[in-house]
Amino acid sequence: MKFDHPQKPQISQLRSLWKEAFGDTEEFLDIFFSTAFSPNRCRCATEDGQVLAALYWFDVSCAGQKLAYIYAVATGKASRGRGLCRALMADTAEILRSAGYLGALLVPQSEGLFAMYGKMGYLPATLLEEFHCAASEPLPVREIRPEEYAALRPALLPPDSVIQEGENLLFLGKIARFYKGDGFLAAVSREAEHLRILEYLGDSGGIAPLIAALGHREATVRTPGGRQPFSMYLPLDDRCPRPVYFAFCFD
């Protein structure tokens, strides 16, 4: 068994593993591998040159400190039950520590995964509020570029929030659109006929008018705060900040 960054000929294997694990389309994978993927931010477990498990990360920061957002952890069906995920996560933690990352974040997709990552040393971290909201009378909103959203966002974030820029923003800009209204910002995605407000920051009175302005009757909305556990983090250094808010989950 070998743990390493992938080589170029293994990218097709990474794509196949991803599709098997998560079921995403070729179009989505094209977007990810063209905008967000770097071999230096991917680790895989291989045997005889075959990729058996893999994970990726994005560079993020909190309180000015470098963290990694670990994403799309997957083990091939034929290789499960061998402890590959735990071994790959431990290998990645050491790689990140040696590269100067102070901590790692991830977003479990189920209670069982919260428990599994807890056994690997990950601690519950950020909370958010997720709810459904019906539209009201529309108010003026303006679509803005991802770069403007990123520039305006920090002023509305809670202290010790995770900042997602660079390749995060490039990737997010392919799957979401950004809006500014009177006293608020929002990052929005449409999945078929369903509207998802991936992040809403600012005056909550703008949520229902925003939904109407975008031509929908209702939406699922995420805002900072609340009681719903969202992400977990692993401190890799005593100076690791404990994040309080993390927004853009790409799982």
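Modeller: Helix H3 covers residues 84-98, 15 residues in all, and spans 21 Å from its first C-alpha to its last, close to the 21 Å expected at 1.5 Å a residue; the expected span is 1.5 Å times one less than the number of residues. Helices here are DSSP runs of H or I with at least four residues, strands are runs of E with at least two, and both are numbered from the N terminus. The model is predicted: local features need pLDDT of at least 70, side-chain atom pairs count only at pLDDT 80 or more, and totals for chains, interfaces and linings use all residues. Residues are numbered from 1 along each chain as its sequence is written, and side-chain values use heavy atoms, leaving out hydrogens and water.

Buried residues of H3 include Leu84, Cys85, Leu88, Met89 and Asp91; Thr92, Ala93 and Leu96 are buried too. Buried means under 20% relative accessible area, exposed over 50%, and partly exposed in between (1.4 Å probe, protein chains only). After H3 comes glycine 100, with a positive phi near 90 degrees.

Now the strands. An open sheet of mixed pairing holds seven of them, ordered S8-S10-S11-S12-S13-S7-S14; two strands pair if DSSP finds at least two bridges between them. At the edges are S8 (142-144) and S14 (228-229), each pairing on one side only. S7 (residues 127-134) runs antiparallel to S13 (residues 218-224) over seven bridges, and phenylalanine 131 stands opposite valine 221 in S13.

Serine 189 belongs to strand S11 (residues 184-191). Serine 189 counts as buried because its relative accessibility is 7%.
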